Amino acid sequence: MDCLFCKIIAGEIPSSKIYEDDTVFAFNDIDPQAPVHVLIVPKVHIASADDINEKNSDVIAHIFEVAAKIAKEKGLSDGYRIVNNCGDQAGQTVKHIHFHLMGGRDFTWPAG
Ligand code: 5GP
Ligand code: ZN
């Protein structure tokens, strides 16, 4: 499958790895929008949040456990933002579900 994040998970494309376990991989975003900007992805290819179902939702729950762990490790005690862009209108550019963990600055709401 021609998927950028599957290739990053497989090590075929280099990345700055932050965390890895059996089901989840996390790495620094190549174009950071905050002092901390980590992408957290499932190792299994799920195209978007629209493809989450009863068979694969365990790994999505696990991603949020990993996010909390990384946030603590990164010292984001003042707060942070977790973002998922789902589909073209939301600005999803890589069709392998990923959660942006961003912190280290203030954020506005609603997000543009
Ligand atoms: P999206 O726009 O789909 O929500 O987020 C995709 C993210 O992937 C963007 O923030 C973009 O900077 C990041 N990205 C795109 N290509 C690469 C890459 O080759 N390596 C890394 N580390 N991040 C990437
Ligand atoms: Zn993929």
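Ala, Val, Leu, Ile, Met, Phe, Trp, Tyr, Cys and Pro count here as nonpolar, Asp, Glu, Lys and Arg as charged, and the others, Gly among them, as polar. By that scheme the shell around ligand 1 holds 7 nonpolar, 7 polar and 2 charged residues. The model is a predicted one, in which local features need pLDDT of at least 70 and side-chain atom pairs count only at pLDDT 80 or more, while totals for chains, interfaces and linings use all residues. Residues are numbered from 1 along each chain as its sequence is written, and side-chain values use heavy atoms, with hydrogens and water left out.

The ligand comes first. There are 16 residues around ligand 1, and Asp29, Asn85, Thr93, His98 and His100 come nearest; a residue is near a molecule if one of its heavy atoms lies within 4 Å of it. Helix H1 (4-10) and strand E2 (24-28) each supply at least two residues of this shell, with the largest share, 3 residues, coming from H1. Helices (H or I, at least four residues) and strands (E, at least two) are DSSP runs, numbered from the N terminus.

An oxygen atom of ligand 1 is 2.8 Å from a side-chain N or O atom of Asn85. A polar side-chain atom of His98 is 2.9 Å from an oxygen atom of the ligand, and a polar backbone atom of Ile30 is 3.3 Å from a nitrogen atom of ligand 1. On its own, ligand 1 has 520 Å² of accessible area, of which the protein covers 82%; such areas come from the Shrake-Rupley method with a 1.4 Å probe.

Which pocket does ligand 1 take up? Its space is the largest pocket, a pocket being an open set of points on a 1 Å grid over the protein atoms alone, where a 1.4 Å probe fits, with protein on both sides within 12 Å along at least five of seven lines; lining residues have an atom within 4 Å of a point. A molecule sits in a pocket if more than half of its atoms lie within 2 Å of the grid points.

The largest pocket has a volume of about 400 Å³. It is lined by 20 residues, and Phe5, Asp29, Ile30, Leu39 and Val94 are the closest to its centre. H1, E2 and strand E3 (36-42) each supply at least two lining residues.

The second largest pocket has a volume of about 250 Å³. Its lining includes Asn85 and His100.

Definitions and conventions
Chains lettered and ligands numbered in written order. Polar contact = N/O pair within 3.5 Å; in protein donor to acceptor, adjacent residues only side chain to side chain. Points joined across faces, edges and corners; volume = space filled by probe spheres on them.
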